[in-house]
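Thanks for coming. I will take one structure today and go through its sheet, then its surface. Please look at the sequence and the model first.

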Amino acid sequence: MIRPGLVYLKYLYYLFYFGSPLKIFNFFLNKIEMKTRRVYLRSMPVYVMIGVSDFCGLNCPGCPTGANMGEAIERKMMNFAQFKLIFDQVKKYIFNLNLFILGEPFLNQEIFSMIEYASFNRCATTIHSNFNTFDEKMAEEAIKSGLTHIYLSIDGATQEVYEQYRKGGDLAKVFRNIEIMVKKKREMKSLFPLLTWKFLYFPHNFQEIELARQTAKKLGVDLFKAFPGDIDNICSFGIRKRFDLKSKEIKTTRLRFCNELWEYLLIHPDGSVVPCCHGFRKKDTFGNAYKNSLKEIRNNYDFVSLRKMISLGRAEGIVRPPCSECKIIDNLRSHN
């Protein structure tokens with residue numbers, strides 16, 4: 001049974017079980033600093049993404065890892081000591097930690113130790129997974145470690161359609177792994193981890209959304225969400241192209257503000273800090289979390305200069321990639 005009300009229950013759970021006066025204060029301070037367009041920030045990020053693995057068994061064409069795109073950050077597997085070094089700097093400020101950027105997090109053999117450490121330090125954890133790598137033992141460890149939420153990346157309800165994007169994926173195996181997770185939750189009488197089927201829709205698969213929704217319901221998935229995918233490339237820059245299901249026409253949405261420069265912090269397994277999910281190349285890095293503190297990096301020249309451009313509404317001087325290839329910067333330049 002699909003239970004959309006669980007979304008609100010999850011956030012209440014985060015607030016009451018993982019909340020603290022400092023986390024609440026940091027959250028509102030961050031929002032105020034973003035609204036007032038401060039460029040030097042006192043607040044810590046409210047959304048932190050730590051990539052624990054840059055490896056994956058699939059070859060999705062829109063993913064830098066799957067497509068093996070050139071100039072990419074060197075593939076690494078983060079170890080527990082490295083994770084602890086980073087997480088200890090943000091654990092007092094965040095309600096939830098996302099253990100995913102690129103790659104498959106369940107390939108990291110220390111993933112449950114990381115989740116358990118985050119849970120011990122009163123922080124929820126979220127994972128995005130293609131769920132091709134999973135078994136009964138991992139299901140039990142997921143519950144015991146305190147994993148809060150798993151987003152299942154499944155873009156089709158039949159193998160023929162699913163494999164057009166999730167190349168190398170086995171949909172029957174994914175369904176078996178979901179059944180294992182649902183059964184284990186029932187046996188251990190656990191509400192968590194919540195399971196959300198995340199369906200990226202394109203022209204080739206939008207006709208299977210309803211079938212996927214019904215399949216999710218039969219499998220016992222908690223939530224089903226369909227998201228528009230970029231038509232050409234999930235990691236493409238510029239105008240985001242959205243496929244409208246009713247008119248079957250491509251619509252474009254022009255981006256005008258970058259909240260990620262204020263709210264987010266993304267760290268790859270090699271320690272590279274990037275400004276957003278479009279940062280996956282060596283030249284996109286704004287610092288290294290193994291060499292400098294996150295507070296230092298958050299207010300370094302690259303981040304401050306970009307916030308200043310966004311705040312002033314004009315792009316001046318040299319803009320570092322990936323931001324230099326973003327439509328937000330193009331908009332600012334066009335208004336100079």
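**Sheet and surface patch**

In β6, L200 has F227 as its bridge partner. This is a predicted model, where local features need pLDDT of at least 70, side-chain atom pairs count only at pLDDT 80 or more, and totals for chains, interfaces and linings use all residues. Residues are numbered from 1 along each chain as its sequence is written, and side-chain values use heavy atoms, with hydrogens and water left out.

Helices (H or I, at least four residues) and strands (E, at least two) are DSSP runs, numbered from the N terminus. Strand β5, residues 194-201, pairs with β6 in the parallel sense over six bridges; two strands pair if DSSP finds at least two bridges between them.

What is the order of the nine strands in the open sheet? The order is β6-β5-β4-β3-β2-β1-β9-β10-β11, with mixed pairing. β6 (223-228) and β11 (287-288) are at the edges with a single partner strand each, so one side of each has no neighbour in the sheet.

Now the surface. L12, L15, F16, I24 and F28 form a nonpolar patch with about 500 Å² of accessible area together. Areas come from the Shrake-Rupley method with a 1.4 Å probe, and for residues only the protein chains shown count as cover.

α1 (6-18) and α2 (21-35) each supply at least two patch residues, and α1 gives the most, with three.

Conventions:
Patches are made of residues with over 30% relative accessible area and no salt bridge: like charges are joined within 9 Å, nonpolar side chains (Val, Leu, Ile, Met, Phe, Trp, Tyr) within 5 Å. A salt bridge is a side-chain nitrogen of Lys or Arg within 4 Å of a carboxyl oxygen of Asp or Glu.
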